[in-house]
Amino acid sequence: QLRLVESGGDLVQPGGSLKLSCVASGFNLYEKAIGWFRQAPGKEREGVACIASADGSPYYTNIAKGRFDISRDLGTNTVFLQMNNLTPDDTGTYYCGVLIRTYYSAYFCPLSLPKEYAHWGHGTQVTGSS
């Protein structure tokens, strides 16, 4: 059974940093791409970053470019999201999901449609104080 567990969320001052973790079980990270998405209260879930299965290539939306870094540890089957220079606009629940659409290259992962991902964890809360 595919399962993801997120952790690492916290209250953070403007300009601060956090490192989120997503531990995967039931599969290996070289088999499935993983995406980080976030959801603020009253808003739709939106893509942040993803990491391709074949070679760990990272992909980012404009939310994350220049501030966030996605990586993985195949030994612990964990995906990380290092977030820097956080602002109150980064507030939300952060989720990781498994890419379930099989028509993408194993060297790529999309970020525009959350419905292409599944097996979401329960999420971890990030709150950027003002």
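Strand 1 and strand 3, residues 18–25, pair in the antiparallel sense over 5 bridges. Pairing here requires at least two DSSP bridges between two strands. Strands themselves are DSSP runs of E, at least two residues long, and helices are runs of H or I, at least four, all numbered from the N terminus. E6 has C22 in strand 3 as its bridge partner. V5 stands opposite V23, also in strand 3.

A word on the source. This is a predicted model, where local features need pLDDT of at least 70, side-chain atom pairs count only at pLDDT 80 or more, and totals for chains, interfaces and linings use all residues. Residues are numbered from 1 along each chain as its sequence is written, and side-chain values use heavy atoms, with hydrogens and water left out.

Now, the other face of that pairing. Strand 3 also runs antiparallel to strand 8, with 6 bridges joining them. In that pair, L20 stands opposite L81 of strand 8. Put together, we have an open sheet of 4 strands, antiparallel, in the order 1-3-8-7. Which strands stand at the edges? Strand 1, residues 3–7, and strand 7, residues 68–73. Each has a single partner strand, so one side of each is left without a neighbour in the sheet. From one strand to the next, the twist averages 15 degrees. For the angle convention, axes are lines fitted to C-alpha atoms, for helices over the stretch in contact, and angles run from 0 to 180 degrees between N-to-C directions.

Next, the whole chain. It has 0 helices and 11 strands. How does the radius of gyration of the protein chain agree with a compact globule? For 130 residues, such a globule would come out near 14 Å, and the chain has 14 Å, so the two agree. That radius is taken over C-alpha atoms, and the globule rule is 2.2 Å times the number of residues to the power 0.38. The C-alpha trace spans about 40 × 30 × 25 Å along its principal axes. Of the 130 residues, 45% count as buried. Buried means under 20% relative accessible area, exposed means over 50%, and partly exposed is in between, with a 1.4 Å probe and protein chains only. On contacts, meaning heavy atoms within 4.5 Å: among those between residues at least 6 apart in sequence, 58% join residues at least 24 apart.

On to packing. The largest nonpolar core has 24 residues. Such a core is a set of buried Ala, Val, Leu, Ile, Met, Phe, Trp, Tyr and Cys residues joined through side-chain atoms within 4.5 Å. I34, W36, L81 and M83 have the most contacts inside it. Elements giving two or more residues to this core include strand 4 (34–39), strand 5 (46–51) and strand 9 (92–99). Strand 3 gives the most, with 4 residues. Apart from this core lies another, of 7 residues, among them C50, C109, L111 and Y117.

T78 lies in strand 8. It counts as buried, at 6% relative accessibility. Its side chain reaches the backbone oxygen of T76 at 3.0 Å. Not counting residues up to four places away in sequence, T78 touches S21, C22, V23, L29, S71, R72 and D73.

T124 is in strand 11, residues 124–128. At 8% relative accessibility, T124 is buried too. A polar atom of its side chain lies 2.8 Å from the backbone nitrogen of G9. Leaving aside neighbours within four places in sequence, its contacts include E6, S7, L20 and Y94.

And E116. Where does E116 sit? In the loop between strand 9 and strand 10, the latter being residues 117–118. Buried or exposed? At 3% relative accessibility, E116 counts as buried. Its side chain makes a polar contact with the side chain of Y103, at 3.4 Å. A polar contact is a pair of N or O atoms within 3.5 Å; within protein, one must be able to donate a hydrogen and the other to accept it, and residues adjacent in sequence count only if both atoms are side-chain atoms. Beyond four places in sequence, E116 is also in contact with residues including V98, R101 and P110.
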